[in-house]
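I will jot down what I looked up, one topic at a time.

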Amino acid sequence: MLFFAGLVIKQKAVSEQNLATDVVSILDSIFTSAGVSSQTKVFLDTSGLSSYTLFFNCQDRVGELGIKGQGQSIQNAIDPIFAPAEVQTTGLILWSLPYNFPYKVIDFLYIIPANAKYYLLGADNDFIREFTNSTADESPRLNINTEFISSLNEVKATSGILLRLVDLQGNLIVSGPVPTNLIDSSATAVTFTAGGINFYQENKGQWVLSNQDGPLPLISLGGERDAAKYGAIFSSDADNYWCNMQKAFHRLQYVTEVYSGKEEEINDFYTESGGVCKVLLSSQDNLRSSLLTLQTQAQSCRYAYSCIDMIKTATRIKTLDNQLWESHCIRLY
Amino acid sequence: MKRKAQARMTETIAVIFIFFILILFGLIFYARYSQSSFVQKQEELLAKEAIDSTTKALFLPELICSKGEAEPEDHCLDLMKLRTANETFRKYLTDYYFNIFSYARITVQEVYPDDRSWILYERIKTNATREEPTYFSVSLREETPDPVYGFGYIEVRVFS
């Protein structure tokens with residue numbers, strides 16, 4: 001009898017572990033599909049998993065997704081997934097945006113728990129308007145909970161709600177002590193300054209900086225729906241953010257190589273016909289040299305300070321591509 | 001008395017024998033069930049991998065038809081990029097693209113206006129026992145100042 005009871009208990013434990021591994025595998029599949037469906041928002045009902053904690057980790061360009069203490073996790077070295085470090089929720093909003101630098105490099109997937117709230121502070125009205133509009137949705141389940149506030153005292157810390165403070169001015173959150181309403185709230189904060197992005201975590205009434213090596217640069221060309229900026233808002237901390245950005249830079253290297261090949265074909269096309277297109281393609285500081293520079297820069301971009309130069313090169317490629325388009329030539333992207 | 005004890009002993013041995021026979025049946029049944037569910041699981045995984053790989057291939061930034069800052073054209077492959085991409089995929093197969101497609105072969109077949117094909121990615125498992133092909137129709141854009149569109153399909157064949 002004891003033998004059978006032991007067998008049943010052991011089998012139950014094995015089945016639970018297998019089930020958790022299956023669930024993680026299914027989640028990974030859903031995330032893959034959601035990730036490639038650019039500019040879409042999907043709601044994933046996880047009420048069956050609400051008693052479990054999902055974790056998202058990323059180190060050395062390798063992401064990890066799993067259920068805490070259950071089954072096996074899944075690693076992913078390709079897709080950038082910006083998410084809180086740990087999530088216990090009844091639903092997830094999966095949102096995908098393309099990372100264009102200047103051409104499309106990869107899709108970023110943002111995982112937003114249904115019980116997360118994002119508070120925006122600062123005077124960047126254009127971004128606040130854009131962010132509020134893009135996160136709002138007609139369907140209540142796809143509506144990301146955001147609110148613009150003028151002071152930290154307006155934050156309502158509620159148990160079970162993940163709080164994220166977004167300081168677009170850079171000095172509004174950490175300039176003073178943690179307000180009493182936020183003490184022991186485990187709130188996280190991200191601040192955007194001219195010098196870069198900083199990530200903080202509230203811990204026993206103190207703001208603890210997560211990026212000890214200095215602010216992280218925002219590697220993007222700006223504009224609306226800036227995938228890199230949104231990534232910082234939805235990332236748990238500096239390590240998670242930079243690790244996922246590294247995945248994008250890794251891909252940039254290969255995508256740029258493909259565009260270099262395309263540039264050669266465009267050049268060959270205009271070799272005989274000549275004209276303004278040929279002049280544009282063979283000018284000094286031309287498309288070919290810029291693509292080569294970007295590829296080299298993406299290859300060597302491992303640490304924040306070595307990546308900033310890519311912005312200038314990507315901007316140059318964008319300008320040259322626009323010139324090709326204005327002159328009715330075959331454009332690069 | 002002695003005979004009675006012998007009879008009881010025989011009875012006990014018979015019960016134990018039947019008990020072990022039942023356990024043996026149970027083990028055989030469980031082993032067969034495990035084997036069939038393992039095969040079924042493998043088939044499910046292969047089908048999942050085929051769908052994942054096809055989805056990824058259709059939206060690869062290395063292949064899609066871009067339109068400047070606008071959204072790329074759906075289910076359209078840029079032939080200029082495609083001709084370079086197969087070389088890039090081959091060059092970085094082990095470093096990078098194997099993590100996306102694993103053991104698979106991705107072929108693009110042009111149906112109209114010409115009949116050409118390109119093997120974009122190929123990593124075949126030597127001792128593969130199963131393969132699952134998936135097909136998806138795509139338009140093929142040849143870049144000229146006024147782009148010319150062809151028609152074809154992409155075949156993603158995964159191995160396990």
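This is a predicted model: local features need pLDDT of at least 70, side-chain atom pairs count only at pLDDT 80 or more; totals for chains, interfaces and linings use all residues.

**Sheet.** I began with an open sheet of 6 strands in chain A, ordered β10-β9-β11-β12-β13-β14, with mixed pairing. Strands here are DSSP runs of E with at least two residues, helices are runs of H or I with at least four, and both are numbered from the N terminus; two strands pair if DSSP finds at least two bridges between them. β10 (146-148) and β14 (206-209) of chain A are at the edges with a single partner strand each, so one side of each has no neighbour in the sheet. On average, neighbouring strands of this sheet are turned by 25° against each other, direction ignored.

I then picked out one pair: β9 (residues 116-121) and β11 (residues 162-167) of chain A run parallel and are joined by 6 bridges. L121(A) has D167(A) in β11(A) as its bridge partner.

**Ground rules.** Residues are numbered from 1 along each chain as its sequence is written, and chains are lettered from A and ligands numbered from 1 in the order in which they are written.

**Domains of chain A.** I find domain 1 at 2-245 and domain 2 at 246-326, with bounds from an automatic or database domain assignment. Their C-alpha centres lie 32 Å apart. I see 17 residues of domain 1 in contact with 19 of domain 2 (C-beta atoms, placed from the backbone, within 7 Å). On the domain 1 side, α4(A) supplies the largest share, 4 residues. That side has 15 nonpolar, 1 polar and 1 charged residues (nonpolar: Ala, Val, Leu, Ile, Met, Phe, Trp, Tyr, Cys and Pro; charged: Asp, Glu, Lys and Arg; polar: the others, Gly among them).

**Chain B against chain A.** Here 23 residues of chain B are in contact with 24 of chain A. α2(B) gives the most to the chain B side, with 5 residues. That side divides into 9 nonpolar, 7 polar and 7 charged residues.

**Helix pair.** Last, I looked at α1 (residues 2-36) of chain A and α1(B), which pack at about 15° with axes 10 Å apart. Axes are lines fitted to C-alpha atoms, for helices over the stretch in contact, and angles run from 0 to 180 degrees between N-to-C directions. The contact is made by S29(A), T32(A), S33(A) and V36(A) with K48(B), D52(B), T55(B) and K56(B).

Definitions and conventions:
Two residues are in contact if their C-beta atoms, placed from the backbone, lie within 7 Å.
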